[in-house]
Amino acid sequence: MSSAADTLAAGLAAVLAAPGGTPVTVGPVSRLSGGASQETWSFDAVVGGQDQPLILRRAPPGAELRGSGNAGLAAEAELIRRAGAAGVPVPEVVAVLRPQHGLGDGFVMRRLRGETLGRRVAAAHRPALAWQCGAALARIHSVDMAGGPDLRRTQPLAEVAHLADWHGRHGTVRPVFQLALRWLADHAPADVVPALVHGDFRNGNLMVDLDADGGALVGVLDWELAHLGDPMADLGWLGVNSWRYGRHQRPVGGFGHWAQLFDGYRSAGGTVDEARVHWWQVLGSLRWGVICESMGQAWLSGAEPVMEKAAIGRRASEAEIDLLDLLLPRAATP
Amino acid sequence: MQDLPDPEQLLTAVARFLREDAGPALGRQGDNALAYQARVAANMVDTVARQTQLAPAADAAERRRLQALLGLPDEADLAALNRRLASRLADGTIDSSHPGLADHLWATTLAKLAVDQPGYDTYQRHQPTQPAGTP
């Protein structure tokens, strides 16, 4: 274990120490993922004789979050707590980092058991999972945000302007993106009463029990893009082709069908507007393309000299073909 | 004149080394993240090889289509032609019903994917020569 990991383990013991003086031991910490600004660590702790598998999400001291509109880690912890209280399957937050811990911003949550790899989740038809995603989304969208964290607020047409501006700053020339921006502006649905929107609810950010009959949603992860806006945005994003891992016949994450998602959504009190879902699916495909561009741009500018960013920059073309498939469809192999 | 192996063959050798030797060796040492990076690197080398092979003809065809679509037979700069089409789509003076637009965008995008991501499923489904799509 590196000395940085040793320091982290020692700090985590202090974070988890209960006021009553319950003894806490923290085992080796291992880095799971993360970029320059945000890290995810996995570790086991023994708290009062009880073994606890845990996850730390943090921005190290001095780190600045890349991109705008991130909820921030303290807000993320509070959203997970509120969503859990509303009946959404989430990993329980057990501690939030404080300045006196000296570990940066972040929180500790329970480590759930299950599968997050999109390709494995999409490997089978999982009708129960699609239904449960619908129910979880309806509950997220009904979370009471009174007194909650201060989140970015947006509306459909504002999102189009945001994407146009973001794409424009990359300086790339993509007629297909301009076609999509124009279509989105011309077909934008009316403003809504903003609800809590997860912002990145897709196959890959869902912890799934693959052994349960038909699949089972164990936890909704990665709340960093949560904001207040049109709830149909989450349903459309879940249907973006890139998260189907080649299983386009199952439009919901490659594992389910729209009717299953919508039934689950309605069962938890939600109201589906299918035209809005389609509009957000188009916007989501464009968003993914602009995100790919932004990663390529981060490499080109030298801000993030990581080889994979250069490779992802070239994936913007997958958004172009998906946008054509949505906006100018033509015959294809079924 | 340079000798063999030619650039394409050199790239093939590098991609094969990354994919079949370096990546698996890193995986055996337990460094799955670096093994993954080796696969990414191999895919990038393949992209370079495909672009070298396919881009000259694809760019020439794209230029001819854009010149006809925009009525600019003397403009030879492909980037300038694309900027012109992008701005006309943005201001609505060309819209999705414009004759030839859909065919042009499809042909151009399929040519991009043939280099960037020939394995992507939407690209695969739009290959006329492909056998029936796999579920």
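At what angle do the axes of helix 9 and helix 11 of chain A cross, and within what distance do they come? The answer is in point 2, after a note on the model.

1. Basis. This is a predicted model, in which local features need pLDDT of at least 70, side-chain atom pairs count only at pLDDT 80 or more, and totals for chains, interfaces and linings use all residues. Residues are numbered from 1 along each chain as its sequence is written, while chains are lettered from A and ligands numbered from 1 in the order in which they are written. The predictor assigns the complex an ipTM of 0.93 and a pTM of 0.93. For chain B the average pLDDT (the predictor's confidence in each residue, from 0 to 100) is 93, and 95% of the residues score at least 70.

2. Helices 9 and 11 of chain A. The axes of helix 9 (residues 274-300) and helix 11 (residues 316-327) of chain A cross at roughly 165° and come within 8 Å. Axes are lines fitted to C-alpha atoms, for helices over the stretch in contact, and angles run from 0 to 180 degrees between N-to-C directions. Helices (H or I, at least four residues) and strands (E, at least two) are DSSP runs, numbered from the N terminus. Helix 9 of chain A and helix 11 of chain A are therefore roughly antiparallel; angles under 35 degrees count as roughly parallel, over 145 as roughly antiparallel, 65 to 115 as roughly perpendicular and the rest as oblique. Their crossing is left-handed, that is, the near helix is turned anticlockwise from the far one by less than a right angle (clockwise for right-handed). Among the residues that meet are Trp288(A) and Cys292(A) of helix 9, and Leu323(A) and Leu326(A) of helix 11. By class this contact has 9 nonpolar, 2 polar and 3 charged residues. Here Ala, Val, Leu, Ile, Met, Phe, Trp, Tyr, Cys and Pro count as nonpolar, Asp, Glu, Lys and Arg as charged, and the others, Gly among them, as polar.

3. Helices 4 and 8 of chain A. Helix 4 (residues 127-141) and helix 8 (residues 258-267) of chain A pack at about 40°, their axes 6 Å apart. The two are therefore oblique to each other, and the crossing is right-handed. Residues including Trp131(A) and Leu137(A) in helix 4 meet residues including Phe262(A) and Tyr265(A) in helix 8. The contact has 10 nonpolar, 5 polar and 1 charged residues.

4. Domains of chain A. Domain 1 (3-110) and domain 2 (118-327) come from the domain assignment of chain A, whose bounds are automatic or taken from a database. Their C-alpha centres lie 26 Å apart. Contact (C-beta atoms, placed from the backbone, within 7 Å) involves 17 residues of domain 1 and 19 residues of domain 2. The domain 1 side divides into 11 nonpolar, 3 polar and 3 charged residues.

5. Interface. In the complex, 33 residues of chain B are in contact with 30 residues of chain A. On chain B, helix 2 (32-70), helix 3 (78-91), helix 4 (101-116) and helix 5 (121-125) each supply at least two residues of that side. The chain B side comprises 16 nonpolar, 12 polar and 5 charged residues.

6. Helices 2 and 4 of chain B. Their axes come within 8 Å and cross at roughly 170°, which makes helix 2 of chain B roughly antiparallel to helix 4 of chain B.

7. Backbone points to check. Most residues other than glycine have a negative phi, and most peptide bonds are trans. Asp222(A) has a positive phi, near 55°, and lies in the loop between strand 9 (216-220) and strand 10 (227-229) of chain A. Leu4(B) and Pro5(B) are joined by a cis peptide bond, with omega about 0°; Pro5(B) lies in the segment before helix 1 (7-28) of chain B.

Methods
Contact = placed C-beta atoms within 7 Å.
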